[in-house]
Amino acid sequence: KLYNKDTMASSDGFPASFYGEPGVLGMLSNGISAFLVLLQNFNTAHTGNAPVGVENILAGVHLILIGGICQLVAGLLSFRKYDHLSGTAFIGYAALWGSYGATRIYFGALAETPTTTSMPHQMMSNLSLSTDMMSNISSNATTEIPVCHLCLSIKESAIAGLVPYILLSFLLAFCSATVNYIMPFVFGAITATLVFEAVGLVANSWALVVSGVLELLILIFAIYGSAALLVKGLTQRLVLKGFGTPLFNVLLLGTTNSASAQSIGQEKKKNTKYAEPMALGFFCDTVAPFIFAFYSFGYMKSFCVGAAWVSIITVAQLFSSYYAHLRQDCYHTTKFGLHATYWLIKAWDEFVVSALVVEDSKVVLGRETMVGNWFFVMTGLALCVGSLKIDVLELIHNMLFVLLTVSTIPQIPLKGYYIFFGIACSLFTASSLYGTFSRLINTIVEKSLIPVGPQPVSTDQLKKALNCCRAKQGDQEALPQTDQASDALFYLSNGVAALSALHGGLSSTNPAFLHLTVPWVLISGAIIQTYVSRLQVTGGGRFGSVISSIYVALWATWTWFRFAGNLLQLSTEAAYGFAAGAIALLVINAFLMLIAAYRNLVLLFLTAVMEVVLVCFLLSTLQRLPYKLEMAMLALLSTICIYGVLASLVNCIFSQRLLPMGSPLIKEEVKQESAPEPPCPVANSQLTSGILKIAGLLEEGGVCGIPTDTVYALAASCKNPQAIEKIYNIKDRPAEKPICICISNVEQLVATKPPFSPLLWEFMRNVYPGGISCIVSKGDWLFKLGVGPAYDRVGTKDSIMIRVPDHTVTSHLCDITGPLAITSANPSGEPDSTHHSMVINRLGHKIQGILCDGNSNEVVASTVVNCLKIDEG
C-alpha cells in the first residue's frame, strides 16, 4: 500500500494526513450523472418518446454542473494530493460529461420545424473527398437539406466523441486495477455504458435499456466507493474494503526498462507535491484528433457539435499544462499549451467553415491567403528539439504533431486537405493512446515498466550542439531568475496571432478570410494569452503578467476592428474610438519596452516591433494603412517569437542560457545587506565539525532540523524521550500522529534479529537506502536497536515506521547519535521544507539547531509502505 506522505491510514494505526478525500466527490459526480442519463434512457425505452426541448436542455445543464464542474474540482484536488490516476480520470470524465451535456443542449435547442435550409458545399465536401462526388457538384452550388439532417449530424458528432472516451475509459479501468478494486468496477461500468450510449444513438430502445442497467451499476459502485472513502477520511481507518488492495500487481506488466531509467530519474528530480500531468495531456491528445479524424473522413457533415467537444477537452489539456507549470516543468507546460491552442483554433476554424453560408470557392480563396499555421509547424520542430532530452516516445509524438500541422497548411488543395489531415490525426491518436497508457502505468509504479525508449541524445551532446556558437563551454550562463517556464507560451501566443493577422489589401475585402481569421487571432492572442498571464502571475516574476495582459487587450481589439469590424461595417465615429484606443496602447507599449529592458533583448525587440505594429493599427483606423509596412512588421514579430519559443524552451529545459536571449539593457542594482542573525545555531553539512555540532545538540536533548534524501526533517535522539515530545509542540502536530525512526543502514536491523519474514527482508534490501518508509510490527528488538526509552513515544502501540535515508550526511549523523525520531520539518498541515532557509524561517525560533545542506533532493516526503501484511499479498 503506497502513500506519498510521511504518515498513512490503516486499520493498524498511522492516521493519514490528507487534504481530504476528493475521490468521494469524483465518484459521486459520476454516479449522479449516470443516474440522470439512466432516467432519460428508461423513460425513452418505456414510452418510445425521446426527450426534446427543455427536457434535454435541463439534462445537459445538470450534466455539465455535476458531472463536469464538480468532477473537475475533484480532479484538481486529486492532483494536489499527488494522485496521478484519480487526477487524470476525474478531469477526463469531467470533460466527457461536460461534452455529453453540451450535446444534450444542442438536441434540446434544435428547431423541430420541418423546413429546409441551405448549406454550403464545404460542409458536404469532406464527406465525399474519397469519391468522385465533388466533380458532380458545381463549386459554387449549395445543397438543400432538411433540418433533421442536422440532427443526424449531431448524433454522428456525439458518436465520434464517445468512441475515444470508450478506449480511454477502458485504459483507466485497467490502470486503476493496479491500485484498488473499487475504481476498476466504476470505470469499467462507465466504459460499457459509453458503448451502449453510442449504439443507442443509432439503434432501437434495447441499447438504451442495456445502457440504463449499466448506469445503475455505476451508481451502485460509486455510492459504495464514496462511502468507503468517506468513512476512511472521517475515521482515518480502512473500515470498508476496496481501497488499498489492487486487483493485480502492476509489476506483472513487465520489468523495469533500464533504457528509460535516466528519463525517470530526471522526472523525479523535479518531483513536487502535484501529481504528474503527462497522462492527462496525452489523454486530451487522444480525444481531439480522433474527433477531427471522423470529420476529415466524412463521417460528420458539420463541426458545430464537434467544436464543443474539442473545446471542452482543450480546457482539460490547459489544466495539464497548468500543473506541469506548478511542477516547474517548462517542456510539458509548453507542449500541452501548444496542443491546446492548436486544437482550439482548428475546432473553431472548422466551425466557421461549417456555419458560413458562402460559396465553397470563396472559402478556399480565403484559406489560401492564411499563413498562421506555419507558426505551429515551426513550434512543433522546436518541441522536437526539446524532446531529444526526454525519451523516444516524446520525440515520436512531437514528430507526428509536426506532420499534423503540415497536413493543415491552407495552401494544400482542398481535395487532398482532409484526407491528409485525417491520416495524420489517426497516427497522432494512436501514439497519444499509447502515451496515455505508458505514462499512467509508469507514474503509478514510479518505474519505467511500459517502454518509452531512452533519451535520444545525451545531455552533454545536446549542450555541445546548442552551445556551438559560443567560444568556450565554460561561457554557459545560469538561467536568470527573470526567466519563467511560461515564457515559451508567451512567445507562442503572440507569434501565432501576428502571423495569422498578416494579410494584404485584397484579403481585407474577402468575407471568408475575415471570418476564418477571427479564431486564429482571437484565440491565440487573447484567450490563450489570458491563460499565459495567469501562469506568469503564478511564476512570481518581478513584473508579473503586465506585458501579456496588455497584449490580450491589444489582440482582442485588433480582431474586433480589423476583422470583425469590416463584417460589422463599423461607423466612422466608431473608427475614431478605436483610434483613441490605439494611441493609448502606443503609450502603454512604450512603458512595456522599459519593462522589457529589464528582462532581455529578445523581449525588448518584440515590444519595439509591436510599437511599429501599433502605429500601423492607428493608421488603419484613419484609413491610411500602409499594408506593406504592416506585413513586414508582423512577419518580423512572428520571426522574433519563433526564436523566443525555441530559446526559452531550450534554456528552461537545461536550466542554462544555451541559446542567447541578450543581456538586459537595464540592470537592477542589488544592495548588499548584512544577513540577520539566525534564530538558532546553524551548521554546515559539508564540514565534519558541523555534523558533530548537531550531534551534540541532539545528545543534549535538543530538536534539530536535518537534511534527508527527500525533504528536511525535524530530528530528536531516541535517548531523549522528552525531545520527541517537543517535536509535537514545535509542529503543532496532533498527538495521534506517530513519529517514525531513522537508522543508517539495514545491517543495524539484521543485528537485532527482528521476526521479519524472508519476503520482508528481501523487500527492505531492495528499497533501502531510499525514500521509502516501512511500517513493521514492534517488538523487543527495538531495545537492541537503541530505541530504548523512546519505545512508547515512537510509532503506535503495535507498529513502527522505519526510514533508512539514501543520504550520506543523515546516515553519518545516525551512526554518531544512534536511531533518531524524525518527521518532516514543517508546521503541521503546511508544505514540506525543501531548503534549510525554509526551516529557519518557519521553525528556527523553536528548535535548537539546523544542519544546512542547501536544496533538498526531492520536494515531497517519503513514500510509506505498510508491510504489516506483506506475506498476505
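I take contact to mean heavy atoms within 4.5 Å.

**Entry 1: the model.** I note that this is a predicted model, in which local features need pLDDT of at least 70, side-chain atom pairs count only at pLDDT 80 or more, and totals for chains, interfaces and linings use all residues. Residues are numbered from 1 along each chain as its sequence is written, and side-chain values use heavy atoms, with hydrogens and water left out.

**Entry 2: the chain.** I looked up contacts with a separation of 6 or more; 78% of them join residues 24 or more positions apart. Of the 873 residues, 58% are buried (under 20% relative accessible area, 1.4 Å probe, protein chains only). I found 30 helices and 14 strands, taken as DSSP runs (helices H or I, at least four residues; strands E, at least two) and numbered from the N terminus.

**Entry 3: helix H2.** I checked the length of H2 (residues 54-80): its 27 residues should span 39 Å at 1.5 Å a residue, and the end C-alpha atoms are 38 Å apart, which agrees. The expected span is 1.5 Å times one less than the number of residues. Among the buried residues of H2 I list Asn56, Gly67, Gln71 and Phe79. The buried residues of H2 pack against H1 (22-47), H3, H10 (278-296) and H11 (304-326). Just after H2, I noted a positive phi of about 65 degrees at Tyr82.

**Entry 4: H3 and H16.** I looked up H3 (residues 84-109) and H16 (residues 414-445), which pack at about 145 degrees with axes 9 Å apart. Axes are lines fitted to C-alpha atoms, for helices over the stretch in contact, and angles run from 0 to 180 degrees between N-to-C directions. His84, Leu85 and Thr88 of H3 meet Leu440, Thr443 and Ile444 of H16.

Methods: Buried < 20%, exposed > 50% of the residue type's maximum accessible area, 1.4 Å probe, protein only.
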